[in-house]
Amino acid sequence: MKRFICMIFLIVICFLLQTTVFQAIALANTVPNLLLILIVAIGYMSGKVEGMFLGFFCGLIVDCMYGQVIGISALLYMLVGYLVGICNKIYYRDDLTVPIILVAASDLIFNFCYYVLVFLLRARLNFLFYFRRIMMPELVYTVFVSIVVYKLIHSLFGLLDRSTNKEV
């Protein structure tokens with residue numbers, strides 16, 4: 001139950017930070033995708049089911065607040081959560097390399113699929129412009145921020161696991 005409440009708290013905090021604070025400190029008009037970092041971190045640490053549900057709810061929040069079509073972000077975040085959750089089998093507690101690579105790959109895949117579903121289907125075919133102006137800056141910014149955010153989430157879940165083990 002503590003873990004579930006913690007996840008809801010983290011979703012709210014990441015969404016608020018992404019839409020308020022990081023908008024104010026955007027680099028090259030780009031904001032790091034904190035919800036994607038959260039989905040990758042939880043999916044990698046907990047597994048594909050938790051990653052999938054967390055991705056769905058994060059995407060649903062984004063769709064309800066900013067999406068023109070409800071469901072696209074929910075579908076893509078859910079897919080990312082599921083795919084990253086499969087990597088839970090190679091989870092090492094102290095390794096930071098694999099989650100950072102997963103964040104980078106997830107951000108690239110998410111933005112490419114978002115481009116295909118939102119822009120390409122509307123006959124906006126300038127992929128190189130989208131890649132240079134949106135995908136790459138967001139990828140770099142998200143990867144750098146993920147180093148700090150992943151460590152915080154990892155530490156928080158470590159504390160929750162230790163407190164749960166003491167209660168048992």
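**Packing of the helices and the core around them**

Me: Which residues does Ile11 touch, not counting residues up to four places away in sequence?

Reply: Ile11 touches Leu35, Leu38, Leu54, Cys58 and Ile61 on that count. The model is a predicted one, and Ile11 belongs to its helix H1.

Me: What makes Ile11 count as buried?

Reply: Buried means under 20% relative accessible area. The value for Ile11 is 10%, so Ile11 is buried.

Me: How far apart are Ile11 and Cys58 in sequence and in space?

Reply: They are 47 residues apart in sequence, and 6.8 Å lies between their C-alpha atoms.

Me: Met7 is also in helix H1. Why is Met7 called buried?

Reply: The relative accessibility of Met7 is 11%. The cut-off for buried is under 20%, and Met7 therefore qualifies.

Me: What is Met7 in contact with, leaving aside its neighbours within four places in sequence?

Reply: Ile42, Glu50, Leu54 and Phe157. As for Asn165, 158 residues away along the chain, its C-alpha atom is separated from that of Met7 by 19 Å.

Me: Which residues have the most contacts inside the largest nonpolar core?

Reply: Leu38, Ile42, Leu54, Ile153 and Phe157, in a core of 38 residues. Two or more residues are given to this core by each of H1 (2-24), H2 (34-46), H3 (48-66), H4 (72-86), H5 (97-119) and H6 (127-167). H2 supplies the largest share, eleven residues. In soluble globular proteins, nonpolar side chains tend to be buried together.

Me: What does Ile42 touch, not counting residues up to four places away in sequence?

Reply: Ile42 touches Met7, Gly47, Glu50, Leu54, Ile153 and Phe157.

Me: How do you know that H1 and H6 are roughly antiparallel?

Reply: Two packed helices are described by the angle between their axes and the distance between the axes. For H1 and H6 the angle is about 160° and the axes are 12 Å apart. Angles over 145 degrees count as roughly antiparallel, and H1 and H6 are therefore put in that class. Their crossing is right-handed.

Me: Which residues make the contact of H1 with H6?

Reply: H1 contributes Lys2, Arg3, Cys6, Met7, Leu10 and Phe22. From H6 come Tyr141, Val145, Leu156, Phe157, Leu160, Asp161, Ser163 and Glu167. By class, nine are nonpolar, one is polar and four are charged.

Me: What makes H2 and H3 roughly antiparallel?

Reply: H2 and H3 pack at about 165°, and their axes are 8 Å apart. The angle is over 145 degrees, so H2 and H3 are roughly antiparallel. H2 crosses H3 in the right-handed sense.

Me: Where do H2 and H3 meet?

Reply: On the H2 side the residues are Leu35, Leu38, Ile39, Ile42, Gly43 and Ser46. On the H3 side they are Glu50, Gly51, Leu54, Gly55, Cys58 and Val62. This contact has seven nonpolar, four polar and one charged residues.

Me: Why are H4 and H5 called roughly antiparallel?

Reply: Their angle is about 150°, with 10 Å between the axes. The limit to pass is 145 degrees. H4 and H5 therefore count as roughly antiparallel. The crossing of H4 and H5 is right-handed.

Me: Which residues make the contact of H4 with H5?

Reply: Ile72, Ser73, Leu76, Tyr77, Val80 and Val84 belong to H4. Leu102, Ser106, Phe110, Cys113, Tyr114, Leu117 and Val118 belong to H5. Eleven of these residues are nonpolar, two are polar and none is charged.

Me: Which loop holds Ala28, and what makes Ala28 exposed?

Reply: Ala28 is in the loop between H1 and H2. Exposed means over 50% relative accessible area. Ala28 has 64% and therefore counts as exposed.

Me: What is the phi of Ala28?

Reply: Near 55°, a positive value in a residue other than glycine. Most residues other than glycine have a negative phi.

Me: Asn29 lies in the loop between H1 and H2 as well. How do you know that Asn29 is exposed?

Reply: The relative accessible area of Asn29 is 81%. The cut-off is over 50%, so Asn29 is exposed. The phi of Asn29 is near 60°, also positive in a residue other than glycine.

Technical notes. Residues numbered from 1 in each chain as written. Predicted model: local features only at pLDDT ≥ 70, side-chain atom pairs only at ≥ 80, totals over all residues. Heavy atoms only, no water. Core = buried A, V, L, I, M, F, W, Y, C linked by side-chain atoms within 4.5 Å. Buried < 20%, exposed > 50% of the residue type's maximum accessible area, 1.4 Å probe, protein only. Helix = DSSP H or I, 4+ residues; strand = E, 2+ residues; numbered from the N terminus. Contact = heavy atoms within 4.5 Å. Axes fitted to C-alpha atoms, helices over the stretch in contact; angles between N-to-C directions. Parallel < 35°, antiparallel > 145°, perpendicular 65-115°, else oblique. Left-handed = near helix turned anticlockwise from the far one by under 90°. Nonpolar A, V, L, I, M, F, W, Y, C, P; charged D, E, K, R; others polar.
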